[in-house]
Amino acid sequence: MKLKMFFAAVVTSVASFSALAATPVKFTLDWKFEGPAAAYLVAIDKGFYKEEGLDVTIDSGKGSLDAIPKVASGTYEFGFADTNSLVKFKDQNPESKLKGILMVYNKPPFAIIGSKQTGVSKPKDLEGKILGAPAPDGAYAQWKAFTKVTGIDPSKVEIDNVSFAVRESMLVQKRVDAIAGFSFSSFLNLKKIGLDPKDINVMLMADYGLKLYGNTIIVNPEFAAKNPELVKGFVRATIKGWKYTVEHPAEAVKYVMEKNKIAKEPVELERLQMCIDGNVVTDQVKAEGFGGVDYARLAESIDQIGISYTFKHKPAAEAIFTEAFLPAKSEREF
């Protein structure tokens, strides 16, 4: 009996030491707790981060332009942000060593969305039509590059600077013929206000010639330099979270519901599945593994950003992303 008690005490002590030894880190999302955030919450609940010696706190965000400086300044050790916004940040802050370490969205959700009623189902259909696009919209920021790679004559497209609040309703009302937006968000908004899913035409820009990547995990460079093994552990645990989420989306989305009490589970599950199918588990990811980049493609994407953005200190692909913290491909396969 005493021997059993001794071993129980040892196990308890080891567990307590493990918990005490876990390094607290903060991770900021780029947006609210919605379907695609499930993977990180899964990694917490399943103990994937704890197994790597990390005590992770996740906060919602207010966009990539909010997340990037938070991580660059060290307010957060890790963040989730748009790669294209990171490219512009590095151009404006060439001394920054901030980099992406895990490419989550192999394709960004930037899209042009048309409808059967307005006759917009392919890029050239936009000529002679009205595009509803909020000026600060992330998808609209790619408009010049999109017109160039698709051969659209931009002079033949009228741009209506609509607000985010009325963008989808204006398409339903045929006050515009198409809108710029995030694929899964605009699709779900259109469906919510009554447009039949069969009548919604989502043109993912990445499927029409844009080489852009989407959101990546970023890390504070000073933290990474001092704690390379912890960063590798964060990446491994996040990959496990995504793999579990891809295999069990209906279970994973329930963790989102615990964080977002006003969200509707069927909507967030659909949002998550659209994100998985369109942005995460792409053909390139299936062939090359999750989380890395093709540096030639990344360099070309930076060139495409330059079509609508004037660089002063144009960064190289290697200044935007590093694969130094990624595990072997065999651990990154779906």
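Student: Which residues do ring pairs link into a cluster?
Tutor: Phe 27, Tyr 40, Tyr 49, Phe 78, Phe 80, Tyr 105, Phe 223, Phe 234, Trp 242, Phe 290 and Phe 334. The model is predicted, so local features need pLDDT of at least 70 and side-chain atom pairs pLDDT 80 or more, while totals for chains, interfaces and linings use all residues. Numbering runs from 1 along each chain as its sequence is written, and side-chain values use heavy atoms, without hydrogens or water.

Student: What makes Phe 80 and Tyr 105 an edge-to-face pair?
Tutor: Rings of Phe, Tyr and Trp (its six-membered ring) pair if their centres lie within 6.5 Å; planes under 30 degrees apart are stacked, over 60 edge-to-face, the rest tilted. Phe 80 and Tyr 105 give 5.4 Å centre to centre and 90° between the planes. By the cut-offs, that is an edge-to-face pair. By this rule the count comes to 13 aromatic pairs.

Student: Where in the chain do Phe 80 and Tyr 105 lie?
Tutor: Phe 80 is in strand 3 (residues 78–82). Tyr 105 is in the loop between strand 4 (99–103) and strand 5 (110–115). They are 25 residues apart, and the pair links distant parts of the chain. Helices (H or I, at least four residues) and strands (E, at least two) are DSSP runs, numbered from the N terminus.

Student: Why is the pair of Trp 143 and Phe 146 called tilted?
Tutor: Their ring centres are 6.2 Å apart and their planes meet at 40°, so the pair is tilted. Trp 143 and Phe 146 are three residues apart in helix 6 (residues 143–150), about one helical turn.

Student: Why do Trp 143 and Phe 146 count as buried?
Tutor: Buried means under 20% relative accessible area, exposed over 50%, partly exposed in between (1.4 Å probe, protein chains only). Trp 143 has 6% and Phe 146 has 0%. Both therefore count as buried.

Student: What makes Lys 254 partly exposed?
Tutor: Lys 254 has 43% relative accessibility, so it counts as partly exposed. Lys 254 lies in helix 11 (residues 249–259).

Student: Why is helix 8 called largely enclosed?
Tutor: Seven of the 10 residues of helix 8 (residues 183–192) are buried, so the rest of the structure largely encloses it. The buried ones are Ser 183, Phe 184, Ser 185, Ser 186, Phe 187, Leu 188 and Leu 190. Their cover includes strand 5, helix 7 (167–172), strand 8 (178–182), strand 9 (200–204) and helix 12 (265–280).

Student: Why is helix 5 called roughly perpendicular to helix 14?
Tutor: Axes are lines fitted to C-alpha atoms, for helices over the stretch in contact, with angles from 0 to 180 degrees between N-to-C directions. Under 35 degrees is roughly parallel, over 145 roughly antiparallel, 65 to 115 roughly perpendicular, the rest oblique. The axes of helix 5 (residues 83–92) and helix 14 (residues 295–305) come within 11 Å and cross at roughly 70°. Helix 5 is therefore roughly perpendicular to helix 14.

Student: Which residues of helix 5 and helix 14 meet?
Tutor: Thr 83, Asn 84, Val 87 and Lys 88 in helix 5 meet Leu 298, Ile 302 and Ile 305 in helix 14. Contact means heavy atoms within 4.5 Å.

Student: How do you know that a charge sits over the ring of Tyr 213?
Tutor: The rule asks for NZ of Lys or CZ of Arg within 6 Å of the ring centre and within 35 degrees of the ring normal. The charged end of Arg 297 sits over the Tyr 213 ring, 3.7 Å from its centre. The charged end of Lys 26 sits over the ring of Tyr 76, 4.4 Å from its centre.
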